[in-house]
Amino acid sequence: MEGLYLVLGEGLSEEANRLAQGLARALLRNPPPGLLEAVPAYATLYLEYDPRKLSRRALLGLLKALPPVGEGEGRVVEVPMRYDGEDLLEVASRTGLPVDGVKKRHQAPLYRVYALGFTPGFPFLAPVDPALRLPRRPHPRPRVPAHSVAMAGAQTGIYPLPSPGGWHLLGTALVAVYDPHRERPFLLGPGDRVRFVEGEGTPPPEPAPLELLPEAPPLPALRVEEPGLLDLLVDGGRFLAGHLGLARSGPLDRYSASLANRLVGNPEGAPLLEFAYKGPVLTALRDLVAAFAGYGFVALLEGEEVLPGQSFLWRKGKVLRFLPKGKGVRAYLAVAGGFQARPFLGSVSPDLRGRVGRPLRSGEVLGVGEVRPVRPGRAFPLRPLPEPFRVRLRPGPDFRGEALRAFLAGSFRVARADRMGVELLGLEVPGGEGLSKATPLGGVQVPPSGRPLILLADKGSLGGYALPVRVAAEDLWLLGQAWPGAEIWFTWPDNRENHHIKLPWPL
């Protein structure tokens, strides 16, 4: 996995944004093999690709030969809202305006939708009246309510669903800008124009999760007797959907997931079960060949231990349970033929923030996609899980030598770890903010508070905090096994590790 940022202009340039959106549309209309994402923002286009299938040279050559696809005439959409946000009085105080003045200035512009991102359907709208512009909060809130209308710098937007966020909350939208159950899930698209109008009423309810598991699978395979803490059916992930704000999803520890599928003869990316911290209790409904791989668990089949890294015969009626044991927090269960689920935009993986899919429930039945004769007994050794973690860094789009020096100066501790990211405690790292742009998988986001957050599979697709470095793609699997309190040391390739790599700046 490699990434490339195209900078097509500066700041709030409608011309640059039209070019970024047009190039993205042209690429996504007929994506070349190996293209993983094309995510436009204000004046940038982020392209993520598999260099084994698509070289950087070939990608750049394709871009030069590709005429941008025009966006057509955007719609004008009025969004009614209540001005009841918890930051409204603070915004008035900091800008020196009365509350009514804040409302009038926020409603006056006809905003352009520059991008969708961060979460599914979140519209990035600009420009905000200069008299209202305030920097983001020093550190994002852990949870912003659904339908919140917020503002940061020259941008305003609407949070479609509950999520973390560092913008200033002005009020609540009275229409849903995203609902995966609708025939058209996204109310707004790039190039549309939006005007806010003050209104009264009740905001719409949050959408229920979109079901991806069939109610009665044709080939029932196992029953969930007791769910674990977070049991998810995942495949390789949802690619080429970041421009809509959808998460990549897929397995957090791709190494262990790939190994589990290999053990039962499945192709890489076949649907399998991911569980974390506390595993499920499952009963086989037919004879299965299964395998589990990962860390932090012991598997017991009718009380007898099943070793990770090898396939085994799981007879009909037998109970398999997973108990926490050892270091690590996440493991994967694969069965020959893969599990069955309905895809949404190309993937059966859930997007929990986007209300696509959900964790498994007690009594639920999972089916296999196909019955395949596979012999058990295949085995591969698992890599040892290092402690402390040592993770290699690469330059990010906002590289700063001072930030790199802070990352290399000492160890960090994991304050929080989930599918969205790993939040770190340690030496304060120089951070900052700017106009929102695409966030690469493994990017290390540093807000003005100086507390880094490593972005993982369920991250937002756009963000405005500084991204001075990113984690090397080959080390991302380790972060899927990080637990609160774990120690992480960051490293940088130097002449002792890679004699052909030279640092482009003094350390």
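**Terms and ground rules.** I take helices (H or I, at least four residues) and strands (E, at least two) as DSSP runs, numbered from the N terminus. The model is predicted, so local features need pLDDT of at least 70 and side-chain atom pairs count only at pLDDT 80 or more, while totals for chains, interfaces and linings use all residues. Residues are numbered from 1 along each chain as its sequence is written, and side-chain values use heavy atoms, with hydrogens and water left out.

**Confidence.** I looked up pLDDT, the predictor's confidence in each residue, from 0 to 100. The chain averages 93, and 97% of the residues score at least 70. Over residues 495-507, pLDDT stays under 50. For that stretch the model has 16 contacts beyond four places in sequence. A contact means heavy atoms within 4.5 Å. Where pLDDT is low, the predicted coordinates should not be read in detail.

**Cavities.** I work on a 1 Å grid over the protein atoms alone. A cavity is a set of points where a 1.4 Å probe fits but cannot get out. Lining residues have an atom within 4 Å of a point. Grid points are joined across faces, edges and corners, and a volume is the space filled by probe spheres set on the points. I count 3 cavities of 30 Å³ or more.

The largest cavity has a volume of about 130 Å³. I find 15 residues lining it, and E37, R248, T439, K459 and S461 are the closest to its centre. Strand 2 and strand 3 (44-49) each supply at least two residues of this lining. I sort residues into nonpolar (Ala, Val, Leu, Ile, Met, Phe, Trp, Tyr, Cys and Pro), charged (Asp, Glu, Lys and Arg) and polar (the others, Gly among them). The lining of the largest cavity has 7 nonpolar, 4 polar and 4 charged residues.

The second largest cavity holds about 90 Å³ of space. Among its lining residues I note E211, L233 and R358. By class, this lining has 6 nonpolar, 1 polar and 2 charged residues.

**Pockets.** A pocket is an open set with protein on both sides within 12 Å along at least five of seven lines. The largest pocket has about 1,200 Å³ of space. I find 36 residues lining the largest pocket, with M1, R52, F239, R254 and E268 nearest its centre. Strand 2 (35-40), helix 5 (254-263) and helix 7 (476-479) are the elements that give two or more residues to this lining. Which element gives the largest share of the lining of the largest pocket? Helix 5 does, with 5 residues. The lining divides into 18 nonpolar, 6 polar and 12 charged residues.

The second largest pocket has about 780 Å³ of space. Of its 42 lining residues, P164, R353, R416, M420 and L453 are the closest to its centre. Strand 30 gives the largest share of this lining, 4 residues. The classes come to 21 nonpolar, 10 polar and 11 charged.

**A sheet.** Two strands pair if DSSP finds at least two bridges between them. I traced 6 strands in an open antiparallel sheet, in the order 19-18-21-16-13-23. Strand 19 (304-306) and strand 23 (365-367) stand at the edges with a single partner strand each, so one side of each is left without a neighbour in the sheet. Strand 13 (residues 220-226) runs antiparallel to strand 16 (residues 281-284), and 4 bridges join them. E226 stands opposite V281 in strand 16.
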